[in-house]
Amino acid sequence: MRYDLQIIASWIEPGSHVLDLGCGNGALLKYLIKNKQVTGSGIELKEDKVAACIEKGLSVLQGDINEEVSDYPDQAFDYVILSQTLQQVYEPDTLIRVLMRIGKKGIVSFPNFSHWACRMQLLWTGYAPITKQLPFEWYNTPNIRVITIKDFRKFINEVGLKILNEVAINTHSQDRYGKIIKFLPNIRATYGIFLIGNTSG
Amino acid sequence: MSEYIEHDKDGVSVGIVEKKLFTFAEPPDEMVLENGAKLSPVTIAYETYGALNSDKSNVVLILHALSGDSHAAGYYNDVDEKPGWWDIMVGPGKGIDTNKYFVVCSNILGSCMGSTGPCSTNPKTVQPYALDFPVVTIGDMVAAQKKLMDHLGIKKILCVVGGSIGGMQVLEWTVRHPDMVVSAIPLATTTKHSALAIAFNEVARQAIMADPNWNNGNYYYGPKPNLGLAVARMIGHITYLSDESMRLKFGRRLQDKSDFSFNFDADFQVESYLRYQGKKFVDRFDANSFLYITKASDYYDMEKLYGQGSAVKAFSKAKAKFMVVSFTSDWLYPTYQSKAMVKAMKKNGLDVSFCEIEAEWGHDAFLIPNERLTALMRGFLERVCREQYK
């Protein structure tokens with residue numbers, strides 16, 4: 001399983017009820033059900049991935065996360081997970097608000113755009129950065145939002161939510177291994193992972 | 001639906017099966033129908049495949065569509081030309097694995113395939129019921145299936161599964177007997193017919209009723225309204241296909257000729273196909289049954305029946321885990337109708353999976369071999385089977 005998903009899994013209380021937005025082939029959900037006895041479901045846009053999840057015995061529905069999230073009752077989940085998808089969302093503030101309506105806690109991970117490799121490319125070549133984490137040209141990238149770890153902290157504060165935990169990581173080898181970055185994370189980390197909650201709660 | 005039925009390409013089959021009959025509501029008992037009418041006695045044809053396990057927790061109930069019957073899988077004898085209508089899905093190691101599950105397929109009330117319907121004998125007159133047969137509903141069909149389950153000693157159903165009108169019965173089961181249904185798979189179906197679906201059904205019914213042989217439904221001792229029923233079936237087939245599937249299957253190709261005949265024979269392949277399907281259908285189906293079953297499907301409105309018009313309220317009664325499946329090219333029950341029921345299920349916090357399968361074969365896609373659908377069924381059934389012990 002991807003290293004960022006391993007971190008996310010470590011934050012989840014056993015036996016909780018989770019929703020995984022953009023769950024892909026269901027690796028995280030499957031892991032959580034097996035190792036943390038969670039109940040939960042996922043939302044995924046692509047038919048082949050949805051089918052792969054259902055075949056594995058997961059409860060997953062096909063649809064656009066931006067539309068699908070709004071149907072759930074308030075506080076329906078203990079955790080709502082949005083892993084490496086925020087950078088592809090057209091209205092991140094709306095989505096985060098809905099996320100915190102339907103979930104008690106939210107877990108959000110995204111590629112850190114202020115990693116030194118991005119900075120150097122922009123500074124020295126003058127071209128929009130292309131990295132292992134964001135491997136697209138500006139004209140064909142699904143990653144329409146450029147987010148840095150510092151930006152995300154600011155954003156969470158501005159939308160009136162609270163950061164309950166955060167970890168910055170650097171990953172290697174097909175993202176399965178990695179390490180936690182404590183010193184200068186906004187420059188040195190490839191991904192940021194945040195556990196967020198409502199300020200009232 | 002029968003034109004798709006073929007022998008399993010790997011020769012896998014449940015083998016020889018037997019149609020069974022179950023009769024209830026025998027005098028002085030009566031079955032009281034949704035419209036208040038009474039029916040007695042009532043017979044339901046059914047078949048079973050696989051073995052019931054010791055705690056009776058492996059029951060899969062298959063509910064068929066308009067022209068289906070209890071014969072979902074296997075053969076009646078060694079020389080049987082065709083297996084049951086869903087033999088691609090039901091059998092050893094198949095999507096609905098008869099090595100694991102005890103599969104029951106029940107014919108619907110009002111049908112002409114062994115269950116009590118308009119062509120059955122009315123004990124009061126010793127004549128076929130014809131139009132004296134009461135107008136039955138999807139709810140009545142499910143009520144009869146419930147009696148069959150009671151008769152078989154089944155208190156919990158692991159999964160109810162069905163497509164089209166069978167899917168309506170699936171939905172009805174989940175709200176009528178929520179404590180009995182562990183999981184449900186409504187395929188290519190809807191909580192209520194659209195005006196488009198009702199319109200097609202009405203044109204088909206009019207075709208039957210306009211046939212002089214129909215004779216107000218009293219044709220059982222004379223010539224049958226075969227022309228009307230054939231046209232009704234032709235209309236049905238148009239709705240089961242799609243623009244895309246017809247383009248691929250027929251295009252504008254001509255049937256056994258290189259030029260137009262300049263008369264009204266079947267020139268185009270699509271004409272020839274529809275005529276053939278219509279003709280074949282009259283040999284096995286009763287025109288009055290067609291009227292009754294299509295009417296039952298038009299009347300069905302789960303939202304009105306169980307939620308005062310609200311799908312969310314209607315599904316608040318359900319407890320089952322759902323897997324909803326639609327097909328991209330289905331214009332009879334388009335995906336938006338499946339999505340609407342998924343939305344209502346989610347609002348109730350129900351466990352629901354949903355997949356829209358890319359398929360060019362229109363509404364009938366669920367009857368055609370489809371590895372994706374088979375894999376979905378297998379995965380979903382295995383999960384709900386495993387989770388029921390938690």
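In chain A of this predicted model, 62% of the contacts between residues at least 6 apart in sequence join residues at least 24 apart. The secondary structure of chain A comes to eight helices and eight strands. Its C-alpha trace spans about 50 × 40 × 30 Å along the principal axes. A compact globule of 201 residues would have a radius of gyration near 17 Å, and the 16 Å found for chain A agrees with that. Of these 201 residues, 43% count as buried.

After helix 7 of chain A comes G160(A), with a positive phi near 80°.

Elsewhere in chain A, V89(A) is found in the loop between strand 4 (77–83) and helix 5 (92–102). V89(A) counts as buried because it has 20 C-beta neighbours inside 10 Å. Leaving aside residues up to four places away in sequence, V89(A) touches N66(A), L95(A) and R145(A).

Turning to chain B, the mean pLDDT is 95, and 99% of the residues reach 70 or more. Helix 2 of chain B (residues 165–176) has twelve residues and reaches 16 Å from its first C-alpha to its last, close to the 16 Å expected at 1.5 Å a residue. Twelve of the twelve residues are buried, so helix 2 of chain B is largely enclosed by the rest of the structure. Among these buried residues are charged ones, E172(B) and R176(B), along with W173(B) and M168(B).

S164(B) has a positive phi near 60° despite being a residue other than glycine, and with 28 C-beta neighbours inside 10 Å it counts as buried. Q308(B), too, is a residue other than glycine with a positive phi, in this case near 45°. Q308(B) belongs to the loop between helix 8 (302–307) and helix 9 (311–315) of chain B, and is exposed, with 9 other C-beta atoms within 10 Å.

Chain B also has cis peptide bonds. One joins P27(B) and P28(B), with omega about 10°; P28(B) is in the loop between strand 1 (20–24) and strand 2 (31–32) of chain B. Another runs from S40(B) to P41(B), with omega near -10°. P41(B) lies in the loop between strand 3 (38–39) and strand 4 (42–49) of chain B.

As for how the chains meet, 21 residues of chain B are in contact with 16 residues of chain A. Helix 10 (335–347), strand 14 (352–357) and helix 11 (371–387) of chain B each supply at least two residues of the side that touches chain A. The largest share, seven residues, comes from helix 11 of chain B. By class, this side of chain B has nine nonpolar, three polar and nine charged residues. For the complex, the predictor gives an ipTM of 0.91 and a pTM of 0.94.

Definitions and conventions:
Residues numbered from 1 in each chain as written. Chains lettered and ligands numbered in written order. Predicted model: local features only at pLDDT ≥ 70, side-chain atom pairs only at ≥ 80, totals over all residues. Contact = placed C-beta atoms within 7 Å. Helix = DSSP H or I, 4+ residues; strand = E, 2+ residues; numbered from the N terminus. Rg over C-alpha atoms; globule rule 2.2 N^0.38 Å. pLDDT = per-residue confidence, 0-100. Expected span 1.5 Å × (residues − 1).
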